[in-house]
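Subject: Structure handover

Hello,

Here is the structure for you to look through. My notes on what turned up follow below it.

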Amino acid sequence: KDFPIITIEVPFDQDDWASYATMFKEMGGSVQIVGDDLLVTNSKRIAKALEVGSCNALLLKVNQIGSITEAIDAAMMSMRAGWGVMVSHRSGETEDSFIA
């Protein structure tokens, strides 16, 4: 109660859909569950997360998926679902100020 949890990022293995879904059912109404490694800025994985009910936030890494267009698609899909979207660059991988 003194220090409420607001966000949990990467609580399970990147392919442990069942554990993510269980956690989301238990906590997803009050806690932001970020599917960083689960989603990897990939629209197909976001669609599965929506189907399974496994998280409610995307850590958007523009240079993770392959193109700006794919990253925008992932962000838009997540926002349409009412998810939180946080933009991040992949540390140490670029000096590109557009991405950073």
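This is a predicted model: local features need pLDDT of at least 70, side-chain atom pairs count only at pLDDT 80 or more; totals for chains, interfaces and linings use all residues.

K25 counts as exposed, at 69% relative accessibility. The residue sits in helix 1.

Overall layout

The protein chain has five helices and four strands. Read from the N terminus, the order of elements is β-α-β-α-α-β-α-α-β. The chain has 100 residues, and 33% of them count as buried. Take the contacts between residues at least 6 apart in sequence: 60% of these join residues at least 24 apart. The chain exposes about 6,000 Å². Carbon and sulfur atoms supply 52% of that area.

Salt bridges

Side chains of opposite charge can pair when their charged atoms come close. How many salt bridges does a search of the whole structure find? The search gives two.

One joins D15 and R45, with the closest N and O atoms 3.0 Å apart. D15 is in the loop between strand 1 (7-9) and helix 1 (17-27), while R45 is in helix 3 (residues 43-52), so this pair ties together parts that are 30 residues apart in sequence. D15 is partly exposed, with a relative accessible area of 45%. R45 is also partly exposed, at 21%. The cut-off for buried is under 20%, so R45 at 21% does not count as buried.

The other joins K61 and D36, where the closest N and O atoms are 3.2 Å apart. This pair also links distant parts of the chain: K61 belongs to strand 3 (residues 57-61) and D36 to helix 2 (residues 36-39), 25 residues apart. Are these two residues buried or exposed? Both K61 and D36 are buried.

Strand 3

Strand 3 is mostly covered, with five of its five residues buried. In a regular strand the side chains alternate between the two faces of the sheet. Here A57, L59 and K61 point one way. L58 and L60 point the other way. Residues on both sides are buried.

Which strand does strand 3 pair with? Five bridges join strand 3 to strand 4 (residues 84-88), and the two run parallel. Within that pairing, L59 stands opposite M86 of strand 4.

Aromatic pair

A search of the whole structure finds one aromatic pair. The rings belong to F12 and Y20: their centres are 5.5 Å apart and their planes stand at 70°, so the pair is edge-to-face. The angle decides the class, because planes over 60 degrees apart count as edge-to-face. The two residues differ in cover. F12 is partly exposed, with a relative accessible area of 28%. Y20 is buried, with a relative accessible area of 0%.

Surface patch

There is a nonpolar patch on the surface, formed by I68, I72, M76 and M79. Together these residues have about 350 Å² of accessible area. M79 is in helix 5 (residues 68-80). At 45% relative accessibility, M79 counts as partly exposed.

Backbone angles

Most residues other than glycine have a negative phi, and most peptide bonds are trans. Two residues to check here are V10 and T41.

V10 has a phi near 55°, a positive value in a residue other than glycine. V10 is in the loop between strand 1 and helix 1. At 28% relative accessibility, V10 counts as partly exposed.

T41 has a phi near 50°, again positive and again in a residue other than glycine. T41 is in the loop between helix 2 and helix 3. Is T41 buried or exposed? T41 is buried, with a relative accessible area of 0%.

Best regards

Notes
Residues are numbered from 1 along each chain as its sequence is written. Side-chain values use heavy atoms; hydrogens and water are left out. Rings of Phe, Tyr and Trp (its six-membered ring) pair if their centres lie within 6.5 Å; planes under 30 degrees apart count as stacked, over 60 as edge-to-face and the rest as tilted. Buried means under 20% relative accessible area, exposed over 50%, partly exposed in between (1.4 Å probe, protein chains only). A salt bridge is a side-chain nitrogen of Lys or Arg within 4 Å of a carboxyl oxygen of Asp or Glu. Patches are made of residues with over 30% relative accessible area and no salt bridge: like charges are joined within 9 Å, nonpolar side chains (Val, Leu, Ile, Met, Phe, Trp, Tyr) within 5 Å. Accessible areas come from the Shrake-Rupley method with a 1.4 Å probe; for residues, only the protein chains shown count as cover. Two strands pair if DSSP finds at least two bridges between them. Contact means heavy atoms within 4.5 Å.
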